[in-house]
Amino acid sequence: MEHVTSEDASRTPTYHVERPVYNEAYLHADLLHRRVRTPRTVRNWCCNSELSVICCFLPILTWLPSYPIKEYLFGDIVSGLSTGVMQLPQGLAYAMLAAVPPVYGLYASFYPVVLYTFFGTSKHVSIGTFAVISLMIGGVVVREAPDSMFMLQANGTNSSVPSLIDTEARDARRVHLAVALTSLVGINQLLLGLLRFGFVAIYLTEPLVRGFTTAASVHVFVSQLKYLFCVKTRRFSGPLSVVYSLIAVLKDITSTNITALILGLTCIVFLYGVKDVNERFKAKLPLPIPGEIIVVIVSTGVSYGMSLFENYQVDIVGTIPSGLLLPAAPDFSVLPNLVTDSIAIAIVGFSMDISLAKIFALKYGYSVDGNQELIALGLCNFIGSFFHTFAVTCSMSRSLVQESTGGKTQIAGFLASLVVLLVVVAIGFIFQPLPQTVLAAIIMVNLVGMFKQMRDIPLLWKTSKLELAIWLVAFVSSVLLGLDYGLLVSIGFAIVTVIYRTQSPKSMILGHIPNTGMYCDVDEYQESIECTGIKIFHLNASIYFANSDLYINTLKQKTGVDPTVLLAAQHFQKRKSQKQEKRRRKLEKKHTVVRLSMEKGMAHELVGGSQVLLDVQGNGQVTESQTESDSEETHFLRTLCAVHSIILDFTPVNFIDSVGAKAIKSVIKEYAAVDVHVFIAGCSRTLLDELRTLLFFSGPVTPDIVFPTVHDAVLHCQHRRPRPSSTVV
């Protein structure tokens with residue numbers, strides 16, 4: 001019976017519970033009864049499942065019919081225009097990272113965004129080109145189609161004349177590779193989504209993702225130096241590519257185009273200043289200042305007016321064809337070489353999307369479906385590849401702009417894509433004189449937010465050194481080995497840390513807090529008192545094949561009761577008792593001889609070799625003076641008598657497998673052999689079902705040894721062997 005009292009507002013509420021001690025046998029048979037569930041008919045299941053599948057597959061059907069036009073439309077229009085203006089220069093710039101002509105960045109900023117409007121579940125993320133994904137794609141296409149494959153000899157066989165590159169053939173080949181890779185990325189994401197593998201993102205823990213993206217920022221920054229200085233160097237990929245790229249730029253630094261450098265540095269200073277103003281005065285500004293589009297328009301005008309390409313040899317974007325290309329199937333013949341890279345890009349792209357989507361969903365009180373996000377990204381990439389796009393995901397900078405300018409739904413992203421479409425179809429040619437150094441400046445300034453992730457290092461040093469190790473391993477491995485191998489090493493190290501944590505859980509012996517039902521670590525809290533004769537063992541881990549031996553060994557170590565040692569000592573004591581019994585009988589026999597001798601008048605007799613002195617007393621009795629008993633035997637007997645019960649606190653145990661169940665069952669039998677009874681407390685109902693499935697309750701192990709709480713188990717143990725000095729209230 002439970003009584004809750006709260007006589008006045010100032011008094012702390014208290015409760016009193018009076019009930020018998022419960023065990024699992026009673027709970028399962030008499031107290032708890034499972035609900036009777038009515039099975040669903042096939043017809044009802046089909047009708048409901050068809051409707052739910054359609055709504056899940058097309059989330060737009062769940063929100064568009066009830067779209068509040070008056071409240072949301074104006075905010076979505078303003079947000080869409082602001083995001084679209086920002087998406088234009090980023091699309092052109094990130095195409096350079098992907099090693100394809102700039103116009104393909106505009107294609108990637110249109111088709112996938114339209115598709116995500118119908119299939120995505122996040123209302124605030126901005127889908128399109130992203131620096132990390134673009135760089136990963138660029139690394140793959142450069143590896144598969146390096147400049148050396150397209151060299152043209154300028155003057156016959158004269159090797160002194162520098163070779164030229166067939167840029168048209170090279171770019172065409174790289175576009176085919178990027179499109180095929182994007183198609184495979186989309187297939188991977190679709191399969192993962194349909195198989196409900198959205199949980200794979202949990203293996204990319206936040207420190208890993210932040211360390212990886214910071215390393216990717218280093219790659220991106222170094223790759224843009226040649227465009228900022230306007231020097232001609234080849235593009236490297238693979239391990240140590242950052243080092244090789246940096247060395248190549250430094251070796252050719254003397255050929256820097258001063259005009260391009262001045263223009264690029266000017267744009268960097270302006271863009272950084274605009275970003276700082278937007279950040280400081282975002283509460284007062286109705287809209288963020290569109291620094292990137294201002295830079296693009298002004299620099300394009302300056303380049304056109306001053307003929308920077310013709311007069312100062314400043315590299316420009318070049319030809320941007322008007323209109324959209326006809327859809328075409330990707331070149332699937334190159335897919336075998338791209339499988340591993342596509343998996344890495346698919347997982348990284350999804351991880352970036354779902355992490356940002358969850359942040360916005362938590363802030364605005366709606367939910368996102370990880371599996372549907374995988375399907376949405378898969379469709380964006382797979383279908384988009386037929387329209388000559390490269391792989392996309394959400395962009396942090398654009399998503400923040402879309403959210404801060406009043407975006408409410410996916411309509412904002414759709415309107416942003418229409419802005420890009422207008423440029424592609426009608427006015428794309430205007431941006432042909434745009435200097436590449438300006439695009440490099442835009443990319444570099446957009447990396448500032450990622451470089452700020454370096455602040456994680458001192459914070460993680462204070463909070464979690466293990467997570468700091470994950471961050472540093474992800475960063476260093478990705479910088480030195482490349483993004484593909486770096487990601488593989490990072491995930492492997494993160495999994496190793498999980499294994500380490502399961503192999504190094506905290507264990508403790510619990511004691512009772514007087515006048516409460518609470519049990520805490522006796523080494524941690526001075527109020528915690530051990531119950532006499534009872535050891536309560538707690539280990540913060542589940543029990544399965546990888547740590548079952550650890551659990552048993554720690555149990556024996558913390559309780560101080562090892563059945564193997566006790567059994568060995570018991571056998572030793574038994575053998576010693578047998579020897580003493582034989583010795584006693586021998587002495588009795590000799591004692592009989594002495595008594596017979598006494599009757600003949602003998603006073604004393606020394607029995608040789610026995611070291612026993614027989615004294616003849618006046619009353620005819622004989623006494624024996626023996627040596628002291630073995631001290632180790634006495635200690636053993638005291639230890640055996642001191643602990644009569646062990647309680648295993650299963651509160652932190654989330655699951656158990658067959659190996660773990662066999663280990664627990666075996667140790668229960670081992671302790672029973674030395675007259676120490678083992679009980680289990682705090683089992684969840686799910687864990688009990690697993691134990692029943694594993695046939696754990698058979699033979700000497702019955703549900704009677706399982707109790708719902710530690711307190712129930714302690715009271716049961718004291719009732720079995722009452723000890724006044726250890727009574728728990």
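The largest nonpolar core has 109 residues, and Ile-137 and Phe-390 have the most contacts inside it. A nonpolar core is a set of buried Ala, Val, Leu, Ile, Met, Phe, Trp, Tyr and Cys residues joined through side-chain atoms within 4.5 Å. Buried stands for under 20% relative accessible area, exposed for over 50%, and partly exposed for values in between, with a 1.4 Å probe and protein chains only. Helix α14 (residues 339-364) gives the most to this core, namely 11 residues. Helices (H or I, at least four residues) and strands (E, at least two) are DSSP runs numbered from the N terminus.

This is a predicted model, in which local features need pLDDT of at least 70 and side-chain atom pairs count only at pLDDT 80 or more, while totals for chains, interfaces and linings use all residues. Residues are numbered from 1 along each chain as its sequence is written, and side-chain values use heavy atoms, with hydrogens and water left out.

Contact means heavy atoms within 4.5 Å. Not counting residues up to four places away in sequence, Ile-137 touches Ala-98, Ala-178, Leu-181, Ile-345, Phe-390 and Ala-391. Another core lies apart from the largest one and has 49 residues, among them Leu-648, Ile-656, Ala-663 and Val-714.

Ile-543 is placed in the loop between β9 and α23. Ile-543 counts as buried because its relative accessibility is 1%. With neighbours within four places in sequence left aside, the contacts of Ile-543 include Tyr-551, Phe-650, Val-653, Phe-655, Ile-656 and Ile-664. Ser-548, Asp-657 and Gly-660 are also in contact with Ile-543. Val-653 is 110 residues from Ile-543 in sequence, yet the two are 6.8 Å apart in space, C-alpha to C-alpha.

Aromatic rings are treated next. Rings of Phe, Tyr and Trp (its six-membered ring) pair if their centres lie within 6.5 Å; planes under 30 degrees apart count as stacked, over 60 as edge-to-face and the rest as tilted. By this rule the count comes to 16 aromatic pairs. Two edge-to-face pairs are tabulated here.

| Pair | Centre to centre | Angle between planes |
|---|---|---|
| Phe-537 and Tyr-551 | 5.4 Å | 85° |
| Phe-696 and Phe-697 | 5.3 Å | 80° |

The pair of Phe-537 and Tyr-551 links distant parts of the chain, 14 residues apart: Phe-537 belongs to strand β9 (residues 534-539) and Tyr-551 to helix α23 (residues 548-559). Phe-537 is buried, since its relative accessible area is 0%, and Tyr-551 counts as buried at 1% relative accessibility. Phe-696 and Phe-697 are both buried. Elsewhere, Trp-63, Tyr-67 and Tyr-72 form one aromatic cluster.

A charge sits over a ring if NZ of Lys or CZ of Arg is within 6 Å of the ring centre and within 35 degrees of the ring normal. The charged end of Lys-123 is placed over the ring of Tyr-366, 5.0 Å from its centre. Lys-465 lies over the face of Trp-461, and the distance to the ring centre is 4.5 Å.

Backbone angles complete the report. Leu-240 has a phi near 60°, a positive value in a residue other than glycine. Leu-240 is in the loop between α9 (206-229) and α10 (241-251), and counts as partly exposed at 34% relative accessibility. For Leu-695, phi is likewise positive, near 60°, in a residue other than glycine. Leu-695 is found in the loop between α27 (685-693) and β12 (706-707), and counts as exposed because its relative accessibility is 63%.
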